[in-house]
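Subject: Model handover

Hello,

Please find the model below. My notes follow it.

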There are 2 protein chains.
Amino acid sequence: MTIHYPNGHQYHPRPSRLRHTNQLDSISHADRGMSLEQAVNESNQYYRARNKAVIHKKPTPIQIVDVSYPKRSAAVIREAYFQAASTTDYNGIYRGHYIDFDAKETTNKTSFPLANFHAHQIQHLRDCFQLGGICFALISFKPSNELFLLNGPDLFSAWDLQSQGGRKSIPKKQITQKGYALPYRFNPVIPYLDAVDKIIAAHKGEKNEF
Amino acid sequence: MTIHYPNGHQYHPRPSRLRHTNQLDSISHADRGMSLEQAVNESNQYYRARNKAVIHKKPTPIQIVDVSYPKRSAAVIREAYFQAASTTDYNGIYRGHYIDFDAKETTNKTSFPLANFHAHQIQHLRDCFQLGGICFALISFKPSNELFLLNGPDLFSAWDLQSQGGRKSIPKKQITQKGYALPYRFNPVIPYLDAVDKIIAAHKGEKNEF
């Protein structure tokens with residue numbers, strides 16, 4: 001019998017020896033056949049269902065050129081093109097704070113290439129941060145199935161160094177030190193708000209506005 | 001000679017007797033040939049350019065069914081459908097606060113029909129408000145060219161009354177009393193953050209989290 005999750009994804013049972021140990025913590029979204037985007041979306045759904053946070057992925061921007069309106073049925077878009085997003089993919093609210101981030105993955109083993117970001121995405125994160133938002137990147141290293149949250153200021157300084165002729169990637173060692181490791185779980189798959197709690201706590205010590 | 005704004009819209013000069021009086025304040029976006037959406041987008045652009053706020057319209061969600069990839073040119077979406085949005089149209093950050101709203105217009109003269117909202121949009125605004133966000137509706141009365149900002153709690157109570165068998169619209173008189181009138185200006189076209197300032201000030205008096 002095939003069991004489906006409510007989201008329509010098939011459920012693939014794991015070997016039972018794994019299912020009762022804490023090794024579950026190390027099963028990544030990739031092992032579960034999920035893309036990083038799916039994993040983030042499921043985590044957001046989990047948080048929303050528990051009234052912890054309201055964070056959504058923005059729809060992909062599309063430029064519509066031609067639409068036909070068949071009788072007695074829905075409008076059909078017949079010609080359209082993908083547009084470059086002017087912002088990041090995710091934003092919303094958590095504990096009264098504006099949250100803004102993007103999720104990126106690399107097949108690189110030892111560093112995260114900054115080319116994964118567009119300049120306007122960094123600018124957007126920076127603008128939101130200046131206005132008091134909590135802005136960050138989720139960075140997935142696919143070869144090792146590791147995921148990190150890198151806070152805005154650390155991302156911005158790496159970006160600025162690059163603009164000044166510095167290295168074009170962030171060493172994984174630096175991400176390990178400055179970022180927050182996110183162990184994969186079941187619920188939510190990516191518990192990134194735990195790391196956001198730490199960012200809020202750290203800022204409370206420094207500033208008034210947080 | 002035809003003069004174009006940088007946004008590509010044509011500039012239609014107004015009678016000069018108007019251009020040096022404060023009657024400009026009462027020239028609505030509609031008079032200027034703009035849709036409400038365009039007027040809100042231009043206002044957001046104005047606020048972003050001045051680092052006052054980062055607020056964007058979310059792209060329309062589209063379900064893509066078929067994409068063709070012509071050689072040496074961009075991918076073309078050949079079949080796609082409009083999807084119902086699961087959130088409101090606008091969100092972002094202002095003065096450290098999460099901002100979430102929708103803009104609606106009615107041709108009605110004396111009241112705003114609640115049917116302009118979907119239940120899930122109200123729920124979304126309510127969820128964000130519960131988490132500490134500033135959530136509201138921009139309501140445009142087209143016949144009189146009047147625009148109001150109605151704060152979330154006032155919108156929610158009208159919605160709840162309707163669910164309990166109450167009236168299916170909010171009387172304009174009530175919106176005039178409880179909401180914030182937004183006079184049209186040139187820069188920005190819709191100065192809605194002025195009303196948000198008043199909401200923040202009112203909350204500061206009441207609660208700690210604002």
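Here is what turned up, by topic.

This is a predicted model, so local features need pLDDT of at least 70 and side-chain atom pairs count only at pLDDT 80 or more, while totals for chains, interfaces and linings use all residues. Residues are numbered from 1 along each chain as its sequence is written, chains are lettered from A and ligands numbered from 1 in the order in which they are written, and side-chain values use heavy atoms, with hydrogens and water left out.

Cysteines. A disulfide is a pair of cysteine sulfur atoms within 2.5 Å. The count over all chains is zero. A:C128 is in no disulfide; its nearest cysteine sulfur belongs to A:C135, 5.0 Å away. A:C128 is buried, at 0% relative accessible area (buried is under 20%, exposed over 50%, partly exposed in between, with a 1.4 Å probe and protein chains only). A:C135 is buried too, at 0%.

Strand β7. Strands are DSSP runs of E, at least two residues, numbered from the N terminus. In chain A, β7 covers residues 134-141, and eight of its eight residues are buried. Both faces are covered. One side holds A:I134, A:F136, A:L138 and A:S140; the other holds A:C135, A:A137, A:I139 and A:F141.

Strands pair if DSSP finds at least two bridges between them. β5(A), residues 97-106, runs parallel to β7(A) over eight bridges. There, A:D100 stands opposite A:C135. β8(A), residues 146-151, pairs with β7(A) in the antiparallel sense over six bridges. A:S140 faces A:L147 in that pairing. The β7(A)-β8(A) hairpin has four residues between the strands, and A:N145 takes a positive phi near 55°.

Aromatics. Rings of Phe, Tyr and Trp (its six-membered ring) pair if their centres lie within 6.5 Å; planes under 30 degrees apart are stacked, over 60 edge-to-face, the rest tilted. The whole structure has 19 such pairs over all chains. A:Y46 and A:Y47 are edge-to-face, 5.9 Å centre to centre with 75° between planes. A:Y90 and A:F101 are stacked, because their centres are 4.8 Å apart and their planes at 10°. That pair links β4(A) to β5(A), eleven residues apart. A:Y90 is buried at 1%, and A:F101 at 0%. One cluster takes in A:Y46, A:Y47, A:Y90, A:F101, A:F136 and A:Y192.

Charge over ring. The criterion is NZ of Lys or CZ of Arg within 6 Å of the ring centre and within 35 degrees of the ring normal. A:K104 lies over A:F117, 4.9 Å from the ring centre. B:K104 sits over B:F117, at 4.8 Å.

Best wishes
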